[in-house]
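Please open the model in a viewer and keep the selection tool at hand.

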Amino acid sequence: MSQEATALRQDLRDLVKKHVPEDFLGAFTNNPDDLEVAQAFCRLLAKRGLLCMSWPEEFGGRGSSAWEQTVVREEMWAHHEPRGAQYMGVNWVGPILMRHGTLEQQRRHLPPIASGEVIWCQGFSEPEAGSDLASLRTSATRDGDGWRINGQKIWTSYATMAQWCFLLARTSRGEKKQRGLTIFLVPMSDPAITVRPIGCLMGPHHLNEVFFDDLRVTEADVLGTVDDGWSIVGDVLAFERVGIARYARCERLLQLAPEALGDRWANLPAELRGRWVRMLTHCRRARLLAYRLVALQSAGQVKPTDSAAYRIAVTKLDQDSAEVLMEIAAAAGTEPEAELFRLEVEDHWRYSQASTVSSGSIEMQRILLSRTLLAAR
Amino acid sequence: MIIDLSDEAQEFGRQAVRAFESAGGDQLVQRAEADPTTRDALAGGVLAELGVWDLEPRGDMDSLEAAAAVCRSAGYWALPYPVAERLSRPADLDVDGLLVVADNRPSGSIVGVEARWAAATLDGARHRVANSVPDGPAFVARLDLAPLDGDGAKDLALALTLPCWTLLGMLDRAMELTIAHVTMREQFGQPLSGFQGVQFQLTDGEVERAGLEVLAKYTLWSVGTGREEALDDALALRMAALEAAEVVFRVTHQLHGAVGFCDETTLSWLSRYSQPLRRLPLGVSATRDLLSTRVDRSGLVGLYS
């Protein structure tokens, strides 16, 4: 990596150490202070020009390299994502608006994202449309000079705290179900929207149901072309291709384990220490697969299917390492650093349970990868 | 960041694949099994013509990458010659190659190859191979060792890394053959590749193969730049390579069905000739034990920790 990327890594670590409490386990807890930590951290990053550094200069970014963006992804995820839910606005909502939004939409939505003030949620999945997203039923029908939206979304992360929703709805029916879908940018404060949190093992705010009962939006809230929202969904997935740097948190916790256990480390069964070093090797492997993807992306050579092997490897790593870490943490003592380690590991285990399901299930990744393998023949 | 071998090394690897094919391809290992004394005659000439023995993998990065590429190509054809072991020869000994051996029952896949061998144990002790006696399938010989010195620690990383490139070539081929097989073979009126159960097994193999590929390149860089942790990196690579081989050969055998065990099928030869690479000097559990003992509390030290 470049000297700039290495220096950025150190800057970010210093900022986290100074501005994020040691026992921070993410913004999504029942303690409102945790959300405020994340909001304040986003404002701080924005002030220093670090929040949207990957954005083009014309939109207030620094046009940073793909490697600098990789460093940001790694350091944030390794430290329990102190940007909270705002990573979505930075990573893909903003860039999608730059590509598909009107000037008015860009003026309205980009500055609050860039200043670290706004949280977005993604209204894609529905009870009957998960991996088969194009089968969704939420409808938007013409109503005078605007649209009326009815339907239900589910698994919508951060809907309880979001100000805006990036909503996919059906506007017409054609031969192909991918046609007739449209993206709407809708304010979550509208009384026609009801959010019902779903209790889950990851903790609060992660999963919600969102109901739209005669939500009235205008033509100005349509993103891109009516009925052509599926192409924007493809772009969203492209921005998410490398996704969360899950390996960075796995590696940080695995490396932290001997220190957290102190003298107890030597008493661990040799077999468990063997599994520990195996997981460290798998972290290295996942990191290198991610870097290969970033290199391909930088060279403009990445194809939608290139990420599949990496995504399978990293999500399995997340779960496998969590099991090993839980076993190690069970042997930790009662010292403050050991207690904190145990809490971090517990949190990691909870998050990891969803890693093969969220943002494109592992089965979808397997289908993509096998298609590529078979087509290459 | 450079994630792949240089263009030149990759081209050298492609040339080697073509040259081994012209020399006999899949038939080479079968002929060598029938008469191990022909190993040199079957493969030595083509390796010399390619200029493999002019490479100095301990000398410079270009040579090292070319050595890795040719080892991978050798693995692709299960070339019946210890290319990686020859290329691992120590710089300071007048020998033709280096075998990394276990303390217990030191062995190497050298039956029928006339060469002056040195051997190094994983604690860095070096020996001269005084005698060798055939001791099992896949050209494995038991070695009689005469102690030389204790200077072998510096030789180990490369000598562990290059055989992993050979194994990677075997996994490349096993996957390629299996994809061809499931595309062609029909059951219940459709190609096997149409069944999701088959597709998902292929992805298990490919994730392991692709992961090994990037780790192998990283380790090559670590060895070539003389990183202090190069031996740990090489052991980590070896551990991952053995795990990958286990998954890939399990999947590829399963998807080939009974034909995969037959002598007429290349997979059968690849699979059995992968065994010495996977068991010598240490299998996966012993490699993992050794690595976790070596790194102790510090873990794997990388560029980003």
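Two strands pair if DSSP finds at least two bridges between them; helices (H or I, at least four residues) and strands (E, at least two) are DSSP runs, numbered from the N terminus. This is a predicted model, in which local features need pLDDT of at least 70 and side-chain atom pairs count only at pLDDT 80 or more, while totals for chains, interfaces and linings use all residues. Residues are numbered from 1 along each chain as its sequence is written, and chains are lettered from A and ligands numbered from 1 in the order in which they are written.

**First stop: the sheet of chain B**

Select B:S132, which stands opposite B:L143 in β5(B). Next, show strands β4 (residues 126-134) and β5 (residues 141-149) of chain B, which run antiparallel and are joined by 8 bridges. Now widen the selection to the open sheet of 5 strands, whose order is β1-β3-β4-β5-β2 (chain B), with mixed pairing. Its edge strands, each pairing on one side only, are β1 (97-101) and β2 (107-108) of chain B.

**Second stop: where the chains meet**

Display both chains: 30 residues of chain B are in contact with 31 residues of chain A. On the side of chain B that touches chain A, the elements giving two or more residues are α6 (153-184), α7 (196-224), α8 (230-256) and α11 (284-295) of chain B. The largest share, 11 residues, comes from α7(B).

Select α4 (residues 86-100) and α5 (residues 103-114) of chain A, which pack at an angle of about 160° with their axes 10 Å apart. Axes are lines fitted to C-alpha atoms, for helices over the stretch in contact, and angles run from 0 to 180 degrees between N-to-C directions. α4(A) and α5(A) are therefore roughly antiparallel to each other (an angle over 145 degrees). Among the contact residues are A:G89 and A:V93 of α4(A), and A:H109 and A:I113 of α5(A).

**Last stop: a loop of chain A**

Finally, select A:R173, in the loop between β4 (164-170) and β5 (181-187) of chain A. Is this residue buried or exposed? A:R173 counts as exposed because it has 11 C-beta neighbours inside 10 Å; the cut-off for exposed is 12 or fewer. The C-alpha atoms of A:R173 and A:D227, 54 residues apart along the chain, are separated by 9.0 Å.

Conventions:
Angles under 35 degrees count as roughly parallel, over 145 as roughly antiparallel, 65 to 115 as roughly perpendicular and the rest as oblique. Two residues are in contact if their C-beta atoms, placed from the backbone, lie within 7 Å. A residue is buried if 20 or more other C-beta atoms lie within 10 Å of its own, exposed if 12 or fewer, and partly exposed in between; C-beta atoms are placed from the backbone.
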